[in-house]
Every structure is written in structure tokens, then in C-alpha cells.
Amino acid sequence: LSPDEANLLLEVSNDDLLELRDQAMFELFYSSGLRLAELAALDISSLSDIVAGEVRVLGKRNKPRVVPVGRQARETVAAWGVRRGELAAADELALFVGLRGKRIHPRVIEERLKRRAMMQGLPGSVHPHMLRHSFASHVLQSSGDLRAVQEMLGHASIASTQVYTHLDFQHLAQVYDAAHPRARRK
């Protein structure tokens, strides 16, 4: 997603309890670049860390990592935390719960995101990995720090992260074509 498309996806009022939960999940996805399984596995015990500005997850191959969380995601997750008890079963440990009060299933998250994207008029099928990809691309475009993005995504190899550099090259090529006198065609 472009930054404008990501903003459009996340510009929804959250008056409804399920919309608030969805908003918290999607803001956290985009803010931290979590994998779908990592988001679904979060427990209520992680709420205080998230509100404080970081999320701790157990990634692939049980590799732990800590990722920063942005202001908007912190605020939305905190608002969800206040109202979570209205939906969660008394003994449920999951941060994000479904209609039955138990841990939300990853497929439900996928469907809710797809539905949200369609309601917002976004083209194509939006899925959770697109938010992870958008997070990585946007952070890399702004910072240029491939190593930091690798760390935040939890990639074992820098080669996995280098996939996101093609977007920077496309941008550089556009700037070059627009600015360099010998690049313009006559």
C-alpha cells in the first residue's frame, strides 16, 4: 500500500466495539510490521508494553524480538484495552478476542482486514502481509536503514529484507528521470 492508501485504510471511526478492536489490530500491524501469527498470539499481558511503546513477540523459529510501536497504535490499543472486557471471556488471556470471547482466529483477522479495505474503496485484496510489507517499505523509504528494518521484521538474513529496496530504487529512478537533463527524452 502507498502511504495514502495505508492512511485511508486506518481512517475509520471506532464507535463500535468490533471496529475499535479491528482498528487496534490494524494500527498495530502497520505500526510494528508484525506477522499475522504474532499479532494473533499476543496476550493481555503485553498491553502495558504496547502502551509504553514497544511490542515483544516470539517470531519464526521461536526467535524473540522487540519492536517499537507508534503513537497512534499505542492510543488505539489502549482504548481497546479499556473496552476488551466487554467482549473477552473472564479467563481469556488473548489481547485480541472474537465474538465468542476467545482468542481471535487469524482467518477472522484476514477477513476483517479485507472487508475494511473494500469498505474504504481500496483496490485489490488487502491482506495482513500487505501491512507488514507497507510498514517495511515506508520505514525503509524514510530512513534508508536496511539493518534496522531487518531487525524490526525479525529477518534472519539481510537478503530477506532487501526485497523492500526495489521500491527505493524505483523512486530514485523517477527522481533521476525528472531531474537529470540527459535522462529526458526528446
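**Glu54**

I started with Glu54, which at 27% relative accessibility counts as partly exposed; the scale calls a residue buried under 20% relative accessible area, exposed over 50% and partly exposed in between, with a 1.4 Å probe and protein chains only. This is a predicted model, so I kept the ground rules in view: local features need pLDDT of at least 70, side-chain atom pairs count only at pLDDT 80 or more, and totals for chains, interfaces and linings use all residues. Residues are numbered from 1 along each chain as its sequence is written, and side-chain values use heavy atoms, with hydrogens and water left out.

Glu54 has its place in strand 1. Helices here are DSSP runs (H or I, at least four residues), and so are strands (E, at least two), numbered from the N terminus. I looked up what Glu54 touches, leaving out residues up to four places away in sequence, and got Asp49, Val66, Val67, Pro68 and Val69. Contact means heavy atoms within 4.5 Å.

**Whole chain**

I went through the elements next and found 10 helices and two strands. From the N terminus the order is α-α-α-α-β-β-α-α-α-α-α-α. The chain has 186 residues, and 42% of them count as buried. Of the contacts with a separation of 6 or more, 56% are between residues 24 or more positions apart.

**Core**

Which residues have the most contacts inside the largest nonpolar core? I noted Leu28, Leu39, Leu42, Trp80, Phe96 and Ile109, in a core of 39 residues. A nonpolar core is a set of buried Ala, Val, Leu, Ile, Met, Phe, Trp, Tyr and Cys residues joined through side-chain atoms within 4.5 Å. Elements giving two or more residues to this core include helix 1 (3–10), helix 3 (36–40), strand 1 (54–58) and helix 5 (71–83). Helix 2 gives the most, with nine residues.

I then picked out Ile109, in helix 6. Ile109 is buried, with a relative accessible area of 0%. Leaving out residues up to four places away in sequence, Ile109 touches Met25, Phe26, Phe29, Leu36, Leu39, Ala40 and Ile104. The C-alpha atoms of Ile109 and His127 are 9.0 Å apart, at 18 residues along the chain.

**Helix 2 against helix 6**

I checked how helix 2 (residues 17–32) meets helix 6 (residues 106–119): their axes come within 11 Å and cross at roughly 95°. That makes helix 2 roughly perpendicular to helix 6, a label that covers angles of 65 to 115 degrees. Axes are lines fitted to C-alpha atoms, for helices over the stretch in contact, and angles run from 0 to 180 degrees between N-to-C directions. The residues of this contact divide into six nonpolar, one polar and six charged. On the helix 2 side I listed Leu18, Met25 and Phe29 among them, and on the helix 6 side Leu113 and Arg115 are included.

Is Asp22 buried or exposed? Asp22, in helix 2, counts as buried at 1% relative accessibility. Beyond four places in sequence, Asp22 touches Arg112 and Arg116.

Notes. Angles under 35 degrees count as roughly parallel, over 145 as roughly antiparallel, 65 to 115 as roughly perpendicular and the rest as oblique. Ala, Val, Leu, Ile, Met, Phe, Trp, Tyr, Cys and Pro count as nonpolar, Asp, Glu, Lys and Arg as charged, and the others, Gly among them, as polar.
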